Amino acid sequence: VTWNTAISSFSQSKQFGEALEFFKFLLYMGVDPDGVTIASVLPSCSHLELLNLGKEIHAYVLRNQDLSENSFVVSALVDMYCNCKQVREARQLFNDTRPRNVALWNTMLAGYTLNGCFDEALMLFIEMLENSGVCPNPTTIASVLPSCVHSQSFADREGIHSFIIKYGFGGNSYVQNALMDMYSRIGKIDISEGMFDTIGSKDIVSWNTMITSYVVCGRHSDALALLHEMHRLGQQND
RNA sequence: CGAACAUUG
């Protein structure tokens, strides 16, 4: 338990290397890791793209009934495979896993989006809505929105917006930012502008999204004005 | 008690 808190504090402060070092040290000491340890250390493999270590951990998980049934562990494994560009492996694991909770679906959707498999992401999203019995949450929406933007075969961009409102996710800042980004990418920057003005708590991503939207459509003076306002309000950026 | 997934760059 003490070890787990050490590992999770490492990985939550983005010190992935340290988390892994500590994990290896624990194994060396003969401690056998539980589900929390595994789920805490896997994001480190994921972000550092250490596929081989991730596979070793997967092998270890397969040898242990409790670990294989831990939903946190399975999601973390799927995420690790996606971040290492092993979408096939991730999907395999996803297919073999039951029951599938929201986070597992979210992980798979985000993985498809990350790897540019936009149509697959949308297909999976539809499958989730139709026959999974699992309800989407704001994370689901924020994972799948970029795929709506980039997929050629998805035309109904406003449809997804009303869908979001219907589910009551319109107030989530991740969703708001993703929607702003979507509208500016399809050339409806006036809608992005309107959303930006009504967002109560603008974060760095909101500002960045709006500023770069102005830049890409050639409204450089608006971009600069917004940049200055951001600095005036004391936001961070780099 | 503590652990996994998301939006711009």
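Start with glutamate 49, which sits in the loop between helix 3 (35-48) and helix 4 (51-62); helices here are DSSP runs of H or I with at least four residues, numbered from the N terminus. A word on the ground rules: this is a predicted model, where local features need pLDDT of at least 70, side-chain atom pairs count only at pLDDT 80 or more, and totals for chains, interfaces and linings use all residues. Residues are numbered from 1 along each chain as its sequence is written, and side-chain values use heavy atoms, leaving out hydrogens and water.

Back to glutamate 49: its phi is near 55°, a positive value in a residue other than glycine. Most residues other than glycine have a negative phi, and most peptide bonds are trans. Lysine 14, in the loop between helix 1 (2-12) and helix 2, also has a positive phi, about 60°. Lysine 14 counts as exposed at 61% relative accessibility, while glutamate 49 is partly exposed at 46% (buried is under 20% relative accessible area, exposed over 50%, partly exposed in between, with a 1.4 Å probe and protein chains only).

For a cis peptide bond, go from arginine 98 to proline 99, where omega is near -5°. Proline 99 lies in the loop between helix 7 (87-96) and helix 8 (102-114).

Now look inside. Isoleucine 57 touches Phe23, Ile38, Val41, Leu42 and Cys45, leaving aside residues up to four places away in sequence; contact means heavy atoms within 4.5 Å.

Finally, phenylalanine 25 lies in helix 2 (residues 16-28) and is partly exposed, with a relative accessible area of 42%.

Note on methods
Chains lettered and ligands numbered in written order. Helix = DSSP H or I, 4+ residues; strand = E, 2+ residues; numbered from the N terminus.
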